[in-house]
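Please read the numbered points with the model in view.

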Amino acid sequence: MGVKIQAVKGMNDILPVAGKDSVWTTADWLAFEEIAHKWLAQYGYKNIRTPMIEPTGLFVRSIGTDTDVVGKEMYTFDDYGESLSLRPEGTASCLRAVVEHNLLYNSPQKLWYMGAMFRHEKPQKGRYRQFHQIGVEALGYAGADTDAEIIAMCFDLWQKLGIQNCVQLEINCLGNREERAAHRTALVEYLKRHENQLDEDSRRRMVTNPLRVLDSKNPAMQEIAENAPKLSDYLGSGSLKHYNALQNILNSLDIPFVENHRLVRGLDYYNSTVFEWTTDKLGAQGTICGGGRYDGLIEELGGKPTPSIGFAIGIERLLLLVKSHGNLKIDNSPDIYAMYQGETAQPHLMRAVQNLRHAGFSVLTHGADQKLATQFKKADASGAKFALIVAENEVLSGSLTVKNLQTGEQVSLSPNEVINQLNQWSM
Ligand code: ATP
Ligand code: MG
């Protein structure tokens with residue numbers, strides 16, 4: 001016997017049954033995707049699908065080199081002289097495609113994507129090396145109404161999944177480039193004054209990306225970060241107006257939020273509005289959705305200046321939360337479990353099964369000529385409501401036997417009458 005090969009560390013199989021390290025099944029994923037597809041359509045978003053591998057430069061240019069994602073977590077390899085990377089997130093690829101195909105030529109775009117993302121992180125509950133995101137990008141929309149709409153959209157999804165009481169919305173305004181530059185000068189001065197108290201990461205970031213010192217997770221950095229100059233004190237009237245408008249709309253939609261002036265997000269491309277949805281139910285992996293404005297990114301990637309905003313939801317984390325605190329209604333069981341006895345019954349049964357499927361019933365076939373008692377056990381285990389039985393008697397009389405597995409009632413009828421009977425039982 002050969003040695004068993006295992007999946008790559010941090011990359012999960014999603015199975016029809018809950019596995020040793022996954023609380024969800026493919027049925028959970030499909031149920032979520034069905035809800036998500038309807039939800040996205042309600043908001044007018046269209047699907048976009050891009051390759052999982054892109055030129056490394058795309059991520060370097062859009063996400064930034066001094067981010068954890070590009071600096072430490074990317075799967076990068078040489079492809080015969082060209083540096084390529086597995087996508088660590090969806091926005092860069094989406095915008096690359098939009099610019100490449102000139103989709104913004106004469107109208108703005110509302111796009112959504114869903115798929116696997118790859119980051120070389122330390123695997124743990126809610127943090128994997130292959131994980132999935134579902135995200136939206138509203139391209140060509142400058143107003144605070146769009147910021148509020150995509151936040152409302154998230155809130156709507158939480159409600160559909162029954163987790164609206166387990167999540168909290170945090171918002172912040174990162175201002176524009178000039179405002180950030182003025183704040184940066186003050187921040188660097190402040191950090192220099194406290195340099196001997198900074199950890200190694202923060203000392204490095206003080207030079208490369210000082211704003212990120214503010215979202216250090218190190219408990220020893222909290223006091224320094226809390227007392228640092230606040231970006232909100234450097235916002236001009238335009239940024240403040242936008243930020244206030246967003247808050248007014250959120251209030252009018254009854255969407256609770258808290259302001260977090262240290263929320264800066266891990267990627268470099270954000271400006272103005274940023275937000276995160278967090279939960280305290282998943283330990284350290286508490287962020288289930290992050291988003292914000294990236295008004296300069298499309299231009300950076302070779303397109304025309306296009307004000308834009310988007311978010312990405314981590315599906316694994318969302319499903320962990322839904323499985324423990326929310327609800328996902330899944331009815332995976334077939335209507336009918338079909339069984340036969342004797343080889344001559346096979347064609348008779350299969351014809352009946354196809355007719356029932358065409359009449360709208362879902363049918364699971366047992367697929368082996370076994371004792372009826374064995375087949376009935378499997379029928380019960382499948383959760384089917386009815387059993388269809390074809391044995392020698394049915395073949396000779398041209399009839400079908402159906403049993404209502406809930407009431408125990410059993411009848412033999414002509415194929416047409418069977419459909420009527422099943423419809424009646426289903427009412
Ligand atoms: P974190 O701070 O937890 O590392 P992040 O800021 O790196 O998150 P984003 O880049 O904003 O995450 O990605 C959006 C969402 O994708 C996150 O809020 C999270 O739900 C999910 N996510 C990110 N990295 C992972 C991962 N390694 N495994 C599972 N989900 C992830
Ligand atoms: Mg991360």
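1. A search of the whole structure, which is a predicted model, finds 17 salt bridges. One of them joins lysine 323 to aspartate 28, with 3.1 Å between the closest N and O atoms. Lysine 323 belongs to helix H11 (residues 315-325) and aspartate 28 to helix H1, so this pair ties together parts that are 295 residues apart in sequence. The two partners may be compared in accessibility: lysine 323 is partly exposed, with a relative accessible area of 40%, whereas aspartate 28 is buried at 2%.

2. A further salt bridge is formed by aspartate 66 and arginine 204, whose closest N and O atoms are 2.8 Å apart. Because aspartate 66 lies in the loop between H2 and helix H3 (68-73) and arginine 204 in helix H7 (residues 200-208), the pair ties together parts that are 138 residues apart in sequence. Aspartate 66 counts as buried, at 16% relative accessibility; arginine 204, at 36%, counts as partly exposed.

3. Attention is also drawn to the salt bridge between the side chains of arginine 96 and glutamate 54, at 2.8 Å from N to O. Arginine 96 is in helix H4 (residues 91-100) and glutamate 54 in strand E2 (residues 53-55), and the pair links parts of the chain 42 residues apart. Both arginine 96 and glutamate 54 are buried. Through shared partners, salt bridges join Glu54, Arg96 and Glu100 into one network.

4. Turning to the rings, the count of aromatic pairs comes to 7. Tryptophan 24 and tryptophan 29 make an edge-to-face pair, 6.0 Å centre to centre and with 75 degrees between the planes. Tryptophan 24 and tryptophan 29 are both buried. In the pair of tryptophan 39 and phenylalanine 311, the centres are 6.4 Å apart and the planes are at 35 degrees, so this pair is tilted. Tryptophan 39 lies in helix H1 (residues 26-42) and phenylalanine 311 in strand E11 (residues 308-314), so that distant parts of the chain, 272 residues apart, are linked. Tryptophan 39 is buried, with a relative accessible area of 1%, as is phenylalanine 311, at 3%. Elsewhere, ring pairs link Phe155, Trp158 and Trp277 into a cluster.

5. Charged groups also sit over rings. The charged end of lysine 110 is placed over the ring of tyrosine 141, 4.7 Å from its centre. The charged end of lysine 403 sits over the ring of phenylalanine 376, 4.7 Å from the centre of that ring.

6. How many cavities of 30 Å³ or more does a search of the whole structure find? The search finds 1. The largest cavity holds about 30 Å³ of space. Its lining consists of Asn12, Ile14, Trp24, Trp29, Gln130, His132 and Glu316, which divide into 3 nonpolar, 3 polar and 1 charged. Trp24 and Trp29 in this lining are the partners of the edge-to-face pair described above.

7. The second largest pocket has a volume of about 730 Å³. It is lined by 29 residues, of which Arg177, Arg180, Asp268, Tyr269 and Tyr270 are the closest to its centre. Helix H2 (56-63), helix H6 (177-193) and helix H10 (297-300) are the elements that give two or more residues to this lining. H6 provides the largest share, 7 residues.

Terms used:
Residues are numbered from 1 along each chain as its sequence is written. Chains are lettered from A and ligands numbered from 1 in the order in which they are written. This is a predicted model: local features need pLDDT of at least 70, side-chain atom pairs count only at pLDDT 80 or more; totals for chains, interfaces and linings use all residues. Side-chain values use heavy atoms; hydrogens and water are left out. Rings of Phe, Tyr and Trp (its six-membered ring) pair if their centres lie within 6.5 Å; planes under 30 degrees apart count as stacked, over 60 as edge-to-face and the rest as tilted. Buried means under 20% relative accessible area, exposed over 50%, partly exposed in between (1.4 Å probe, protein chains only). Helices (H or I, at least four residues) and strands (E, at least two) are DSSP runs, numbered from the N terminus. A charge sits over a ring if NZ of Lys or CZ of Arg is within 6 Å of the ring centre and within 35 degrees of the ring normal. On a 1 Å grid over the protein atoms alone, a cavity is a set of points where a 1.4 Å probe fits but cannot get out, and a pocket is an open set with protein on both sides within 12 Å along at least five of seven lines; lining residues have an atom within 4 Å of a point. Grid points are joined across faces, edges and corners, and a volume is the space filled by probe spheres set on the points. Ala, Val, Leu, Ile, Met, Phe, Trp, Tyr, Cys and Pro count as nonpolar, Asp, Glu, Lys and Arg as charged, and the others, Gly among them, as polar. A salt bridge is a side-chain nitrogen of Lys or Arg within 4 Å of a carboxyl oxygen of Asp or Glu.
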